[in-house]
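Let's walk through this protein together, one region at a time. Keep the structure open beside you and turn it as you read.

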Amino acid sequence: MSRERAHYRRPQDGQEYEEELEQIRRYEDFTTIDWIQDSIIERNRRIRDADKARTAYRGVHGEITPAWVWAQCWKLLTAGESWFMITLVGIFIGVNAAFIAIVTEWLSDIKMGYCVEGWWLNQQFCCWEVESKGEFCPSWHPWSTITPIRWSVYVAFAGMFAFVAAHLVRTMAKYAAGSGISEIKCILAGFIMQGFLGFATFFIKSLTLPLVIASGLSVGKEGPSVHVACCIGAIVASWFQRFSRSESKMREIITAASAAGVAVAFGSPIGGVLFSIEEMSHIFSIKTMWRSFVCALVATFTLSVMNPFRTGKLVLFQVTYSRSWHFFEIIFFVILGIFGGLYGAFMVKFNMQVAAFRRKHLANHGVAEAVILAILTAIVGYPNRFLRIDMTEMMSILFRECEGGGDYDNLCQLSAQWPMVNSLLLASFIRMGLVVISYGSKVPAGIFVPSMAIGATFGRMVGIIVKSIYRAYPQSGMFAVCDPDIPCITPGTYAFLGAAAALSGVMRITVTVVVVMFELTGALTYILPTMMVILVTKAVGDFIGTRGIAEEAIRFNGYPILDQVDHSSDVAVSEVMKKDLTILYASGMTVNDVEAVLTSTDVKGFPIVASKSSRALSGYIGRTELRYVLDKAQHMGDVTPETPCSFSRQASDQEDFVLSGITSGSALGAEEEVAVELLETTASNDVLKVWPWVNQTPLTVSPRLPLEIVMQLFKRMGPRVILVEEQGSLKGLVTVKDVLRFSVTEKSEGDQQLWDVGEFEAILEVMWNWAVETANTSLEWCRRMTRRR
């Protein structure tokens, strides 16, 4: 079984194997960032700016002038530019989060009824003066007092919301579908996806996200909120030249924006920063952490000022606990941790199989799929009190203490505890199935809150059972520490810990979950139970061998990003490298020869060797830089097709006053006027000197170096290409895509999974074939009946 698709396929025949390889070839159109090249370009710009600052605006004899003073003031303003931009990004993210929260709540309520005092008011604002939610509110009218009609309206609204959202995504912004976290992880690692963080994606995702949540689909808004926040970060950063021209600086802002996205989604600024470190960032620096902190702080503060729920809470399920926990409860906390690990493994395994089925059969039916799923969810969920309401509202109910207004629909009544246990258990498993088939559909869809909702219902069920045991056996030695005057068991805390376990199990994040849960409750006493639950969840997930669902989505889609745990033992880089290379010669080539090479190939760069008789490596030049130099030089009129090209520095260049101060590669990233000025010196009828744009110190390795070490170089240094040389002679080159292609084609007999895969996909395949056959039979029967008439 191939390494790349081990999770999703049975042993393949030839055709299926070719389809597997095609998943890697699909992304050959995309490019990756060369982080080393980007660092060289940024260094060159910094040196030129420093030289300009030292010499500009001074007088003839170096005296200070008003222009020089203004230049220094401008330098100070530039130094604060990044913090101003981060603040701006945070404000926009906070405002957008408030807009999404307000619209989502109104759309969720409109399915149930309307406010006679104003159609734009949701149920909370319409019944503002009503103290208890169960109390009659004269201003809020349900659509009907007849249950079947009320149910029909509920289902109709759900289908309509899903249709509008899916249609907008399909027609206006295909990248607005899904969570977006997997793709952002790849983008932060250097993968380029044009338009994924563009304005159209931001606008459509912000518009459709409330519709999707209100439709009742078992998906969440927290993952898409991170994508929307990153879109805002990329859009704002593009307004500033300093960031728009630097890929590394742009990704620092995107990382900070992802932290702010989690911060406003959970009301957890520190948790957002930790999320950007633990889950999103490929390489994290202290400077990026501070920017993430400021961006998350500003976004959270903005959301707090706007106060979308008018309760002072940043999210609906914020809660506080007045009681502590007891050591005997650790036994039940461990059960919640085991559930979280098993849930994560179940969800990842079967959701990936649904994704494989979706890609095979439903790729062109995204709108119909979303509508059917929304109607199915509404039909199945309406009879259950915990599936009928919004997931965030449900969690806010389940998290509460019974003494703090948490007796929703007799949730805390002793007489109803066993029917309530049945309802909670049913809600857990039904929602689990709905999340499996809904996450990944062609609408904005996250998995954070659905997973937390599943964990909350299961945890509350466990809490009710533990409380019933205490009531039945209050004199038991296990409960000896309980004070009879104070409630011993708080079922809401079990819901809270169950939500943490499920989120950690499916995303495989640990520290972030602990901090997010702490910031949600503000209860220092529950940090230790949360840590224990997360530890057990992680242990179960590690034992089963589960990856986070974001990592599995990356592997499933074949994105060119190296796995953090991939190993290729006893394989040398010489077995993976490309040996048939398109190369340039340091001397002996004309402009016409170089043009012919560019025309005949589409590679991203060219190794440069000393001559046709020698393979001694001289350097490396990117296709973009070479194309730019040729076009500019020919446009200036000093170069003809027969003009020789020089890719290496000559001894005579040291005697030239201008060229003597220029190092190899120093022209990379030069501004237009600097590049033109340099070309005026290097371009002539006699020779076109290209060496200022050549990197004469590319990253090289020996052909005997293990591939595993080369993978580490790609992960930690981020080059686009690594040249392979032996004793100075060029032997080949290797890219990230070469390594990924090798990983796909390599047969690994020992790479067996804990479970055989494909069972659920096979069931879906049978159901699909049956549905298609039934539809065809029905159509044929209708045709025959029509002909008879």
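**A guided walk through the chain**

Trp83, Ile270, Ile286, Trp290, Phe293 and Leu297 together make a nonpolar surface patch of about 590 Å². A patch here is built from residues with over 30% relative accessible area and no salt bridge, where like charges are joined within 9 Å and nonpolar side chains (Val, Leu, Ile, Met, Phe, Trp, Tyr) within 5 Å. Areas of this kind are calculated by the Shrake-Rupley method with a 1.4 Å probe, and for residues only the protein chains shown count as cover. Before going on, please note that this is a predicted model: local features need pLDDT of at least 70, side-chain atom pairs count only at pLDDT 80 or more, and totals for chains, interfaces and linings use all residues. Residues are numbered from 1 along each chain as its sequence is written, and side-chain values use heavy atoms, with hydrogens and water left out.

Which helix gives the most to the nonpolar patch? That is helix 13 (residues 286-306), with four residues. Helices (H or I, at least four residues) and strands (E, at least two) are DSSP runs, numbered from the N terminus. Ile270 counts as partly exposed because its relative accessibility is 37%; buried means under 20% relative accessible area, exposed over 50%, and partly exposed in between (1.4 Å probe, protein chains only).

Now step back to the whole chain. Its secondary structure comes to 29 helices and eleven strands. Of the 789 residues in the protein chain, 55% are buried. The chain exposes about 35500 Å², with carbon and sulfur atoms supplying 60% of that area. Contact means heavy atoms within 4.5 Å. Among contacts between residues at least 6 apart in sequence, 78% join residues at least 24 apart.

The expected span of a helix is 1.5 Å times one less than its number of residues. For the 32 residues of helix 14 this gives 46 Å, and the end C-alpha atoms are 46 Å apart, so the two agree. Because 23 of its 32 residues are buried, helix 14 is largely enclosed by the rest of the structure.

Glu369, in helix 15 (residues 366-381), counts as buried because its relative accessible area is 8%. Leaving aside neighbours within four places in sequence, Glu369 is in contact with Arg358, Leu362, Ile437 and Ser441. Glu222 belongs to helix 9 (residues 222-237) and is buried too, with a relative accessible area of 2%. Not counting residues up to four places away in sequence, Glu222 touches Ala265, Phe266, Phe448 and Val449. The C-alpha atoms of Glu222 and Ala263 are separated by 9.7 Å, although these residues are 41 apart along the chain.

Charged pairs come next. How many salt bridges does a search of the whole structure find? The search finds twelve, a salt bridge being a side-chain nitrogen of Lys or Arg within 4 Å of a carboxyl oxygen of Asp or Glu. Arg627 forms one with Glu595, the closest N and O atoms being 2.7 Å apart. This pair links distant parts of the chain, with Arg627 in helix 25 (residues 623-636) and Glu595 in helix 24 (residues 591-600), 32 residues apart. Arg627 is partly exposed at 29% relative accessible area, whereas Glu595 counts as buried at 18%. Arg627 also forms a salt bridge with Asp631, where the closest N and O atoms are 3.0 Å apart. Both residues lie in helix 25, four residues apart, about one turn of the helix. An α-helix has 3.6 residues a turn, so residues three or four places apart point the same way.

Finish at the open sheet of three strands, which has the order 9-10-11 and mixed pairing. Strand 9 (700-701) and strand 11 (729-735) stand at the edges with a single partner strand each, so one side of each is left without a neighbour in the sheet. Two strands pair if DSSP finds at least two bridges between them. Strand 10 (residues 721-726) and strand 11 run antiparallel and are joined by six bridges. Leu723 has Leu733, in strand 11, as its bridge partner.
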